[in-house]
Amino acid sequence: MNESSSYVRHFNWGKLGVISVPYFWFVMLALIPILIVLKISMSEMELTSVSNMVDWSNGWPTVKLNFSSYLFIGGDALYIKTYLSSIKYAFITTLLCLAIGYPFAYFMARSPKHLQPMLLMLIMLPFWTSFLLRIYAWKTLLVSNGVINNILISLHIIDTPLLMMNNSFSLIIGMVYSYLPFMILPLYANLSKLDMRYLEAAADLGTSPFKAFWLITVPLSKAGIIAGSMLVFIPAVGEYVIPELLGGPSTLMIGRVLWDEFFSNNDWPMASAVAVVMILLILVPMAILNKYQAEQAGSKS
Amino acid sequence: MATAPNDEKQSAPKEVLLRVDSLSKIYDGAVKAVDDVSLTVNRGEIFGLLGGSGCGKSTLLRMLAGFETPTKGKIFLEGQDITNLPPHQRPINMMFQSYALFPHLSVWENIAFGLKRDGMPKDEIAERVDKMLSLVQLGKYPKRKPHQLSGGQQQRVALARSLAKRPKLLLLDEPLGALDKKLRETTQLELVNIIEEVGVTCVLVTHDQEEAMTMASRIAVMSEGYFLQVGFPEEVYEIPNSRQVADFIGNVNMFEGVIDEDEPDHVTVNCEDCIQYVGHGISCSPGQLVSVAIRPEKILLSQTKPDDKYNWVEGEIIEIVYFGANSTYHLKLTSGKVIKVQEINTTRELTCWRTWGAKAYAHWNDMAMIVLTQ
């Protein structure tokens with residue numbers, strides 16, 4: 001009895017230790033930094049640093065919360081427009097990634113088993129070159145005297161170069177190109193696990209292969225679609241490098257605004273407020289989605 | 001086991017529903033999964049394909065469903081060649097092994113799935129699905145998802161789904177394989193009752209001989225891609241045509257021997273342990289090597305030496321396997337051969353003379369055995 005109970009106690013300590021590792025990681029590297037950002041966003045900018053939130057000058061702790069940055073964001077149409085435009089570009093990117101990634105992942109999952117590791121490697125291969133380099137490469141392809149325009153002109157298909165650079169076209173191409181692997185990988189993981197017997201059952205019940213795809217494969221890969229879309233959408237909203245290099249004056253994105261507030265205006269509270277609002281914009285729909293999924297999973301068991 | 005095929009069944013005109021003509025499936029140009037199989041299934045029949053794993057029974061079934069293309073041969077349904085018809089165009093439905101119920105659809109939607117594809121009017125679908133639900137006694141759970149059901153309930157949903165379109169032929173792939181033994185016994189009869197109520201023709205695939213015997217009206221014993229024997233369950237059990245069939249179906253004791261007397265009314269076979277006197281004539285010739293097969297339940301154990309010249313052996317009980325209703329005794333003969341004898345436990349005595357190490361005589365009558373030449 002004693003031995004077994006002591007074993008259980010040790011076991012529980014071990015369990016606690018293992019569980020606490022990700023929690024510790026989360027608290028130190030996610031929760032605390034976010035709280036610091038939140039704190040800065042409600043401070044005032046002083047000469048070299050931000051003001052202290054708690055003031056002890058009269059012997060009483062006085063907490064000063066400055067909401068001016070948030071009020072400014074809410075009052076300025078440019079910020080709202082930028083947020084909306086960020087979400088719009090992230091959304092288009094996600095849809096295009098899904099449209100290209102789904103068939104890609106589907107055929108990858110259906111290809112012969114011995115070819116799959118190689119195809120997976122090909123998806124990862126671009127990551128071996130610098131991200132900046134790859135984005136720059138697009139620049140040389142898309143500019144007015146770039147590779148694509150030169151070829152088209154020399155083939156007499158067009159007379160004047162197409163305007164493909166520094167507009168929403170180049171921005172979306174860059175974003176879709178960069179985020180596509182993040183859509184394909186979870187979809188592939190999901191689709192390769194799909195039980196082929198469901199498709200056989202559908203065929204047996206009179207479903208043509210095309211219909212079976214929409215009625216069986218797509219609904220059963222819902223988890224992969226959601227995971228892939230999240231992995232693309234969330235970082236795409238806050239993307240900075242791609243709009244900076246491939247975007248133009250018309251392609252407003254919040255990442256560039258953040259940069260400007262931090263490094264051009266040196267207004268840390270404002271930059272932090274912009275970041276906090278962005279987190280909320282992404283987090284709230286995600287939390288709702290999560291809750292809905294948890295409810296669905298709950299009703300299952 | 002199954003009821004004897006009554007006269008009515010045999011005299012009724014048999015209408016061939018399914019005809020398979022020398023069907024073969026060869027993988028990679030060499031592996032013969034199904035090797036030149038021909039068969040006919042009559043309307044209203046439950047045809048059992050029985051065999052061990054890898055014998056080709058599943059491949060044959062999948063060719064009937066359309067999931068595999070035959071390398072050679074033809075399949076006819078009601079005289080129509082369906083060999084090259086894709087699965088979704090065949091009036092054949094299948095109940096899959098472990099069911100393959102769509103996990104994202106409710107019980108109701110699963111059953112309605114095939115009907116919707118046919119473009120049936122909505123109210124007719126609802127009527128048909130409700131009828132199917134009551135047929136399989138699941139009227140209470142139309143909204144549940146498959147994983148919220150027990151194994152037995154899932155099995156019934158799968159049956160309802162495969163019957164909903166009123167297929168001309170129903171294929172059953174190990175229909176009871178996923179259920180535990182007790183549930184399997186009750187479900188077997190339930191399944192047969194439902195199938196007979198609907199009147200659908202079935203091809204049943206199973207590795208479980210009891211399942212095949214109870215459910216099927218005819219059985220094909222399959223091995224290495226071809227049929228060893230096709231017949232009624234009692235034919236396959238009592239008159240196996242080869243050592244392989246006798247061995248596969250049930251337990252059997254084999255005595256190897258040489259034909260001695262070959263008369264029109266009897267045959268004697270000299271075996272190492274005894275002389276077998278067979279009370280009917282067989283087509284063989286003296287000196288021919290044969291196997292005499294005797295089922296364990298057709299042998300009697302006794303303490304005293306039988307008063308007979310033939311058909312008995314002497315040995316020592318080396319193992320007793322107690323099943324409750326009956327016991328199987330392993331008897332080691334003087335030659336070292338071990339035979340099995342099954343006796344029904346008719347009394348409640350806990351001790352009897354048949355114990356480990358006891359000397360016993362086993363004997364059988366002259367119609368208990370079958371002489372196998374191949």
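**Notebook: a look at chain B**

I began with burial: buried residues make up 37% of the 374 residues in chain B. I noted the cut-offs: buried means 20 or more other C-beta atoms within 10 Å of a residue's own, exposed means 12 or fewer, and partly exposed lies in between, with C-beta atoms placed from the backbone.

I kept in mind that this is a predicted model, where local features need pLDDT of at least 70, side-chain atom pairs count only at pLDDT 80 or more, and totals for chains, interfaces and linings use all residues. Residues are numbered from 1 along each chain as its sequence is written, while chains are lettered from A and ligands numbered from 1 in the order in which they are written.

**Overall build**

I found 9 helices and 20 strands in chain B. Here helices (H or I, at least four residues) and strands (E, at least two) are DSSP runs, numbered from the N terminus. The C-alpha atoms of chain B fill a box of roughly 75 × 50 × 45 Å along the principal axes.

Next I looked up contacts, meaning pairs of residues whose C-beta atoms, placed from the backbone, lie within 7 Å. Among those in chain B with a separation of 6 or more, 65% join residues 24 or more positions apart.

**Two domains**

The domain assignment gives domain 1 (13-246) and domain 2 (253-372) in chain B; such bounds come from an automatic or database assignment. I read off 39 Å between the C-alpha centres of these two domains of chain B. Their contact takes 5 residues from domain 1 and 5 residues from domain 2.

**Where chain B meets chain A**

How many residues does each chain bring to the contact? I noted 17 residues from chain B and 14 residues from chain A. On the chain B side, β6 (92-95) and α3 (107-117) each supply at least two residues. The largest share, 3 residues, comes from α3(B).

Which phi does B:Glu78 have? B:Glu78 has a positive phi of about 50°, although it is not a glycine. I located B:Glu78 in the loop between β4 (72-77) and β5 (80-81) of chain B. B:Glu78 is partly exposed, because 14 other C-beta atoms lie within 10 Å.

I found B:Glu174 in the loop between β7 (169-173) and α6 (181-198) of chain B. B:Glu174 has 19 other C-beta atoms within 10 Å, so I wrote it down as partly exposed.

How values were computed: Two residues are in contact if their C-beta atoms, placed from the backbone, lie within 7 Å.
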